[in-house]
Amino acid sequence: MNKLERTIMTLRKVKEQVSDHPNNSNLSEVEQNLMNDLNYKAVLILKLESMFEEKSVPVDSKSLYGFSIEELESVWTLWTSND
């Protein structure tokens, strides 16, 4: 087995481990959808925090956690539409 074949095998093993992650195996479809929404909201918040920090906008980042996904998307759209 050459180096490329070993690398491909290693990548396949990693992919299988991530795909069959034990923490997600017991989640129902509804629970998985909730997790996906929470992850998406967290990503939006992190992007907004980073953007505000980069532009030196004084915003209490904790206030972003009270926003809905739609509100966060609106803020992101408004602030990035002119870029």
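Leaving aside its neighbours within four places in sequence, which residues is leucine 48 in contact with? Select leucine 48 in this predicted model: with those neighbours set aside, its partners are Leu64, Leu72, Val75 and Trp76, contact meaning heavy atoms within 4.5 Å.

Residues are numbered from 1 along each chain as its sequence is written. In this predicted model, local features need pLDDT of at least 70 and side-chain atom pairs count only at pLDDT 80 or more, while totals for chains, interfaces and linings use all residues; side-chain values use heavy atoms, with hydrogens and water left out.

Next, select Leu44, Ile45, Leu48, Met51, Phe52, Leu64, Ile69, Leu72 and Val75, the nine residues of the largest nonpolar core. Such a core is a set of buried Ala, Val, Leu, Ile, Met, Phe, Trp, Tyr and Cys residues joined through side-chain atoms within 4.5 Å; buried means under 20% relative accessible area with a 1.4 Å probe, protein chains only. At least two core residues come from each of α2 (29–54) and α3 (69–80), and α2 gives the largest share, five.

Now show α2 and α3 as cartoons. Their axes (lines fitted to C-alpha atoms over the stretch in contact, with angles from 0 to 180 degrees between N-to-C directions) come within 10 Å and cross at roughly 30°. Among the α2 residues that meet α3 are Asp37, Tyr40 and Lys41; on the α3 side they include Glu73, Trp76 and Trp79.

Finally, zoom out: the protein has three helices and zero strands, assigned as DSSP runs (helices H or I, at least four residues; strands E, at least two). Buried residues make up 11% of its 83 residues.

Key. Buried means under 20% relative accessible area, exposed over 50%, partly exposed in between (1.4 Å probe, protein chains only).
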